[in-house]
Amino acid sequence: MTTWQVLAAGPLLAPDESLSRAVVRTVPDAVTERLSDLGNVPVAVPVLALAMAYAAWHGHRAGALTAGAAMALVPAVIVPLKEWTARPGPLEPWAAGYYPSGHTATAAVAYLGAALLVRPYARRGWPLPLALALTGATATGLVLRGWHWPLDVLASLLLCTPLLLAVRRAVHRSVRPSA
């Protein structure tokens, strides 16, 4: 649905652009750039790699492999859509390829995938709220800095949902509660 909005200049495009204009650069660039950096591959992927190693170490290789496959699929899902839509950026109308947000997708799969992998071993429920906060911080930083429109980050979150559901399913199957 979000892709149709972008390609056909659907009814959500005007509010998307209005919201972006209202919030871009309302927070200092130094802050929003750091938040955006949470979605960089060198920052987010090692978090997932450590969680995969931890889960595999505990004998739950199916969840670890599924999380790795989900991350490997991120560029396969995002890059063709960037090329197809060729959406310009909020601050760079001459550039293209902003839809959907690769940084948001990387953050979502890395942090939420890692949380799903370590959640069965955590004494408290901290992994998912922390992962949601990191993913949300990334998306917020990208929009506030003007590197992405709000629909760009929303689309990435929606596109990553099936990948994360597969990770959740693999983790659930591999981690059986003790009788």
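In what follows, contact means heavy atoms within 4.5 Å. Helices are DSSP runs of H or I, at least four residues long, numbered from the N terminus.

The structure is a predicted model, in which local features need pLDDT of at least 70, side-chain atom pairs count only at pLDDT 80 or more, and totals for chains, interfaces and linings use all residues. Residues are numbered from 1 along each chain as its sequence is written, and side-chain values use heavy atoms, with hydrogens and water left out.

I begin with helix α8. This helix covers residues 150-174, 25 residues in total, and spans 36 Å from its first C-alpha to its last, close to the expected 36 Å; the expected span is 1.5 Å times one less than the number of residues. At Thr161, α8 bends by about 35 degrees, and Pro162 follows within four residues. The bend is the angle between axes fitted to the seven residues ending at a position and the seven starting there.

Which residues of α8 are buried? Among them are Leu151, Val153, Cys160, Leu163, Leu164 and Val171. Buried means under 20% relative accessible area, exposed over 50%, and partly exposed in between, with a 1.4 Å probe and protein chains only. The cover over these buried residues includes α1 (2-7), α2 (13-23), α5 (61-85), α6 (102-118) and α7 (127-145).

I turn next to the backbone. Most residues other than glycine have a negative phi, and most peptide bonds are trans. Tyr99 and Pro100, however, are joined by a cis peptide bond with omega of about -10 degrees, and Pro100 sits in the loop between α5 and α6. That loop also holds Ala86, a non-glycine residue with a positive phi of about 50 degrees. Arg25, in the loop between α2 and α3, likewise is not a glycine and has a positive phi, of about 65 degrees.

Finally, the salt bridges, each defined as a side-chain nitrogen of Lys or Arg within 4 Å of a carboxyl oxygen of Asp or Glu. There are six in the whole structure. A network of them links Arg25, Asp29, Glu33, Arg34 and Arg145. Where does Arg145 stand, buried or exposed? With 10% relative accessibility, Arg145 is buried. Its side chain meets that of Asp29 at 3.9 Å, N to O; Arg145 is in helix α7 and Asp29 in helix α3, 116 residues apart. Glu33 also pairs with Arg145, at 3.1 Å between the closest N and O atoms. Because Glu33 lies in helix α3 and Arg145 in helix α7, this pair ties together parts 112 residues apart in sequence.

Key. Helix = DSSP H or I, 4+ residues; strand = E, 2+ residues; numbered from the N terminus.
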